[in-house]
Amino acid sequence: MAAEVEAEPVVASENALEWVQKDKRRFLHAVYRVGDLERTIKFYTECLGMTLLRQRDIPEEKYSNAFLGFGPEDSHFVVELTYNYGVDKYDIGTGFGHFAIATEDVYKLVENVRSKGGKVTREPGPVKGGTSVIAFIQDPDGYIFELIQRGPTPEPLCQVMLRVGDLDRSIKFYEKACGMKLLRKIDNPAYKYTLAMIGYDDEYKSTVLELTYNYGVTEYTKGNAYAQIAIGTEDVYKSAEAVDLVTKELGGKITRQPGPIPGINTKITSFLDPDGWKTVLVDNADFLKELQAE
Ligand SMILES: N[C@@H](CCC(=O)N[C@@H](CS)C(=O)NCC(=O)O)C(=O)O
């Protein structure tokens with residue numbers, strides 16, 4: 001009898017880990033804070049070519065959101081900007097890397113950014129130690145966007161780069177807890193870093209997480225500007241079960257138990273990875289309902 005009681009949760013959790021690998025997942029949005037919503041909307045639409053998809057104001061909670069991207073939210077990864085009433089400055093910290101935009105002509109996009117008063121922090125040209133043509137620009141709050149020259153793609157908002165302290169631990173975490181695949185790992189010893197592209201689909205067709213390990217660096221500051229990425233799932237309860245199991249092995253923790261958000265009823269669960277980066281898993285059907293209601 002005792003043996004049966006002990007065995008049950010283990011079997012359930014192992015099923016959850018297998019289930020995660022078959023779940024229907026996709027990156028929905030990156031959430032971060034900005035000091036002036038109108039200023040950022042203007043910059044993203046005029047300099048970067050994004051479309052303003054929706055806006056909402058929640059006066060009871062003293063914040064507003066704006067969603068922007070390169071296509072509709074039901075099929076594209078987008079940015080969700082948060083403006084907290086009265087807060088005009090945030091600390092980005094050292095751990096957050098950048099968002100990346102794929103474009104057919106980096107030189108042209110950089111010129112557009114510059115002509116509209118945007119800040120170019122790295123001129124276009126081949127990446128150090130490689131051949132891809134890239135550039136870096138900075139938005140009005142100091143968030144970095146990497147511009148990457150590529151052929152046409154259905155998802156120009158193609159990467160979220162986060163720095164991590166142990167790359168193999170992070171890869172294992174996102175594979176097991178989130179069902180992502182390791183798409184590419186590149187070591188660049190000349191510049192003392194290793195990158196891993198991980199995600200749910202081809203990195204040239206959909207958004208990926210780019211994890212960067214700088215040799216010997218295990219700690220970064222998080223600041224208070226960047227918040228989290230949101231990922232769609234068919235079942236937040238099973239998802240949380242898997243995450244819980246993986247955090248016991250690799251670190252990290254569940255920060256919100258699975259369940260509906262009061263008032264909105266969208267089911268979510270959220271957690272921190274072993275470096276403290278936050279992810280929110282959102283019920284796919286609830287998310288689509290939310291989009292239709294707006
Ligand atoms: N130390 C870098 C490592 C990552 C890195 O160097 N990435 C490449 C892009 S994949 C880069 O920024 N290269 C700079 C350049 O080519 O100027 C960091 O933490 O950002």
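This is a predicted model: local features need pLDDT of at least 70, side-chain atom pairs count only at pLDDT 80 or more; totals for chains, interfaces and linings use all residues.
Reader: How much helix and strand does the chain have over residues 156–284?

Author: That stretch is 22% helix and 44% strand, with its end C-alpha atoms 22 Å apart. Over residues 26–150 the figures are 17% helix and 46% strand, and the end C-alpha atoms are again 22 Å apart. An unreviewed UniProt entry places the feature "domain: VOC" at both stretches, 26–150 and 156–284.

Reader: Which residues have the most contacts inside the largest nonpolar core?

Author: The general idea comes before the case. In soluble globular proteins, nonpolar side chains tend to be buried together. In this model the largest nonpolar core has 69 residues, and L68, I101, F145 and L147 have the most contacts inside it. Helix α5, residues 236–250, gives the most to this core, with six residues.

Reader: What is L147 in contact with, leaving aside its neighbours within four places in sequence?

Author: L147 is in contact with I101, T103, V106, L109, V110, I134, A135 and I137.

Reader: Which residues are around the ligand?

Author: They are G97, R122, V127, K128, R163, Y191, Y193, T212 and N214. By class, this shell has three nonpolar, three polar and three charged residues.

Reader: Where does pLDDT stay under 50?

Author: pLDDT is the predictor's confidence in each residue, from 0 to 100. It stays under 50 over residues 1–5, for which the model has zero contacts beyond four places in sequence. The chain averages a pLDDT of 95, and 96% of the residues score at least 70.

Definitions and conventions: Residues are numbered from 1 along each chain as its sequence is written. A residue is near a molecule or strand if its C-beta atom, placed from the backbone, lies within 6 Å of it. Ala, Val, Leu, Ile, Met, Phe, Trp, Tyr, Cys and Pro count as nonpolar, Asp, Glu, Lys and Arg as charged, and the others, Gly among them, as polar. UniProt positions are given in the numbering used here, feature names are shortened, and annotations may be inferred rather than shown by experiment. Helices (H or I, at least four residues) and strands (E, at least two) are DSSP runs, numbered from the N terminus. A nonpolar core is a set of buried Ala, Val, Leu, Ile, Met, Phe, Trp, Tyr and Cys residues joined through C-beta atoms within 7 Å. A residue is buried if 20 or more other C-beta atoms lie within 10 Å of its own, exposed if 12 or fewer, and partly exposed in between; C-beta atoms are placed from the backbone. Two residues are in contact if their C-beta atoms, placed from the backbone, lie within 7 Å.
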